[in-house]
Amino acid sequence: MKKLSISICSDAGRVRKNNEDNFVINSHYNEKSVDFIKQEYKRSTPAVVGIFDGMGGTLNGEEASLLCARETTQLVHLLAESDDAEKILRRFYGHMNRVLLRRQLETKTEIGTTACVTAFVKNEIIFTNVGDSPAFLIQDGEIQQITKDDNQAQLLLDMKTITAEQAQNHPMKNMLTQYMGMGLSADSFEPEPHIISVERKRFKDCTVVMCSDGVSGVLTADEIMNIVDESSEPAQALVTAALNKGSSDNVTAAVIKTK
């Protein structure tokens with residue numbers, strides 16, 4: 001793997017007035033309504049890509065996703081200086097959550113967001129998430145979701161009370177079991193990130209796709225793979241396809257191709 005080609009596209013969509021999604025590529029994040037970024041990085045340099053889907057309603061999602069994206073720009077430097085990337089990532093999720101909790105105390109308002117962060121460090125690719133913004137791995141004509149959704153449908157699936165097919169369109173699919181910004185009230189707990197590490201040498205020619213549920217909620221995994229394989233600008237193509245298929249949410253997609 002000599003380099004990574006990374007592109008991210010984000011759009012408020014055709015229904016919502018503001019975009020509560022945010023994203024990170026190393027030190028770049030969506031501070032001033034930037035809707036597309038494309039970068040290339042050498043293998044010797046750590047790379048961090050993040051997707052944050054702010055929660056609407058009573059939770060100030062736009063601010064929450066912005067705060068997490070801004071904090072995550074520090075992560076690439078922390079990873080470059082450490083030999084224990086998983087430990088750094090686990091601690092960093094705790095740090096991001098405390099940032100949101102402090103903001104809640106300051107403003108006396110609830111704020112929350114999902115977080116999906118993938119780190120390319122030395123000999124590892126590390127997938128992490130809290131919430132339901134997924135990361136997929138495409139290799140050899142197959143696609144699999146690497147991250148685990150934190151929602152009620154996944155909980156029922158884990159309990160084997162529903163099937164995987166039923167979980168895809170379950171009415172409780174949008175009810176999160178954990179998210180960034182939890183832990184302020186006495187009856188809640190701080191989120192625990194899912195962390196999965198794979199060897200980079202096993203994935204020399206692969207593609208990682210990360211997205212908000214404005215994309216994954218309307219496009220199937222196979223549709224995502226086919227769009228990525230057929231497009232010269234896959235992040236933009238995923239966003240366009242989700243909107244054309246009727247997504248009513250903010251839509252954000254990141255595509256990382258290894259070379």
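**Entry 1: helices α1 and α3**

I looked up the axes of helix α1 (residues 61–72) and helix α3 (residues 85–107), which come within 10 Å and cross at roughly 140°. Helices (H or I, at least four residues) and strands (E, at least two) are DSSP runs, numbered from the N terminus. Axes are lines fitted to C-alpha atoms, for helices over the stretch in contact, and angles run from 0 to 180 degrees between N-to-C directions. I therefore recorded α1 and α3 as oblique to each other; angles under 35 degrees count as roughly parallel, over 145 as roughly antiparallel, 65 to 115 as roughly perpendicular, and the rest as oblique.

On α1 the contact (heavy atoms within 4.5 Å) is made by Glu63, Ala64, Leu67, Cys68, Glu71 and Thr72, and on α3 by Phe92, His95, Met96, Val99, Leu100 and Arg103.

**Entry 2: the model**

I noted that this is a predicted model, in which local features need pLDDT of at least 70 and side-chain atom pairs count only at pLDDT 80 or more, while totals for chains, interfaces and linings use all residues. Residues are numbered from 1 along each chain as its sequence is written, and side-chain values use heavy atoms, with hydrogens and water left out.

**Entry 3: helices α7 and α8**

I found that the axes of α7 (residues 221–230) and α8 (residues 234–244) come within 8 Å and cross at roughly 135°. That makes α7 oblique to α8. Ile224, Ile227 and Val228 of α7 make the contact with Pro234, Ala237, Leu238 and Ala241 of α8.

**Entry 4: strand β12**

I asked which strands are joined to β12 by bridges. Strand β1 (residues 3–11) runs antiparallel to β12, with 8 bridges, and Ile8 stands opposite Ala254. Strand β11 (residues 207–211) is also antiparallel to β12, with 5 bridges, and Cys211 stands opposite Ala253. Two strands pair if DSSP finds at least two bridges between them.

I recorded that 7 of the 8 residues of β12 are buried, so β12 is largely enclosed by the rest of the structure. Buried means under 20% relative accessible area, exposed over 50%, and partly exposed in between (1.4 Å probe, protein chains only).

**Entry 5: Thr258 and Ser5**

I located Thr258 in β12 (residues 251–258); Thr258 counts as buried at 6% relative accessibility. Ser5 lies in β1 and is buried, with a relative accessible area of 11%.
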